[in-house]
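Please keep the structure open while reading these notes.

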Amino acid sequence: MTKILKGAPVAAALNERSIALRRTLEERGVVPTLAVVRVGERPDDLSYERGVCKRCESVGVAVRSFVLPENASEEALLDVLREVNEDAAIHGCLLFRPLPRHMDERAVCAALRGDKDVDGITQASLAGVFTGEPVGFPPCTAQAVVELLDFYGVALSGKRVTVVGRSLVVGKPAAMLLDRKNATVTMCNSRTRNLSEVCRAADVLVVAMGRRGAIGADCVKSGQVVVDVGIHVNEAGKLCGDVRGEELMDVVEALTPVPGGVGAVTTSVLVGHVVQAAARACGLEA
Ligand code: NAP
């Protein structure tokens, strides 16, 4: 029978770890603090922000919100980031993207200090993902994939892992983090030939394609662990993933659900990064 790898217990374990470190910081008079920087009022952003604030509250992380109108100038946003960078009481920053079209997203992301980049959006963080050095933090979703596999004791060393997708937010950093676990990683993109064959060759299949229900029974084999990163809303208004999960039941060994899989772990990873950034700032941990 296929085991369902739920995100909630993974998130709970991460939260416990964050709370323990937050208590140590508290003894030193430090309150880990996240700056939430948002331009405009996109419903998706507002809903994610609510989730982040709730998680911050449960872990004991303070939140400071910086909200600009949709038509704010790039300079106004850069001013906010300068303030965040210079305020020693702020340890991490979540900047909602995509930014409005009149802003140069690369330039804005580059303006954030690497040590406050808890969401993996700066070149410094991506360099850290590549080198393994504690510079910035990996993108939260990519790390959530690895945390989930670790939590459920999925062996990675020496195993073949196929990652479908190569975005800077999920696929590429996930591939690098899995490589760090000594997996043999194959990364696929939209030009990959014989995708189903490449998927079937894996012991662990991570799907971050952004294509609703693109992966079905023809792409898997028995004994595989399948991680579905995709999030979509179907015609019935229900959340679903890149994988046609129902087809994989009783075929693969384990599968993450959508909703309630990787997505349930992401905010805990983010909040954990804020606590870690505060610990780094006071020399407590790398
Ligand atoms: P993205 O930027 O659209 O990237 C999709 C990747 O999939 C690209 O690298 C693309 O290849 C590749 N791809 C597309 N069609 C393919 C095909 N037929 N064969 C092989 N590769 C193919 O998406 P993303 O931001 O990485 O997000 C991926 C999914 O994860 C989305 O569904 C998104 O909603 C979801 N997501 C979930 C969370 C969470 O917390 N669970 C967070 C972020 C994103 P090319 O590079 O060649 O175009």
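1. Rings of Phe, Tyr and Trp (its six-membered ring) count as a pair if their centres lie within 6.5 Å; planes under 30 degrees apart are called stacked, over 60 edge-to-face, and the rest tilted. A search of the whole structure finds 2 aromatic pairs. In one, the ring centres of Y48 and F96 are 6.1 Å apart and the planes stand at 90°, so this pair is edge-to-face. Y48 belongs to helix α2 (residues 43–59), while F96 is in the loop between β4 (92–95) and α4 (105–110), so the pair ties together parts 48 residues apart in sequence. Helices (H or I, at least four residues) and strands (E, at least two) are DSSP runs, numbered from the N terminus.

2. The model is predicted: local features need pLDDT of at least 70, side-chain atom pairs count only at pLDDT 80 or more, and totals for chains, interfaces and linings use all residues. Residues are numbered from 1 along each chain as its sequence is written, and side-chain values use heavy atoms, with hydrogens and water left out.

3. Is F96 buried or exposed? F96 is buried, with a relative accessible area of 7%, and Y48 is partly exposed at 28%. Buried means under 20% relative accessible area, exposed over 50%, and partly exposed in between (1.4 Å probe, protein chains only).

4. Which residues come nearest to the ligand? They are T141, R166, S167, N189 and S190, out of 20 residues around the ligand (a residue is near if one of its heavy atoms lies within 4 Å). A ligand oxygen atom is 2.5 Å from an N or O atom in the side chain of S167. Another entry concerns the backbone: a polar backbone atom of I231 is 3.2 Å from an oxygen atom of the ligand.

5. Two cis peptide bonds deserve a look. One joins R97 and P98, with omega about 0°, and P98 is in the loop between β4 and α4. A cis bond also joins V258 and P259, again with omega about 0°; P259 is in the loop between β11 (254–255) and α10 (263–281).

6. N182 has a positive phi of about 70° although it is not a glycine. N182 lies in the loop between α7 (171–180) and β6 (184–188) and is exposed, with a relative accessible area of 51%. D250, also not a glycine, has a positive phi near 70°. D250 is in the loop between α9 (245–248) and β11 and is exposed at 61%.

Definitions and conventions:
A polar contact is a pair of N or O atoms within 3.5 Å; within protein, one must be able to donate a hydrogen and the other to accept it, and residues adjacent in sequence count only if both atoms are side-chain atoms.
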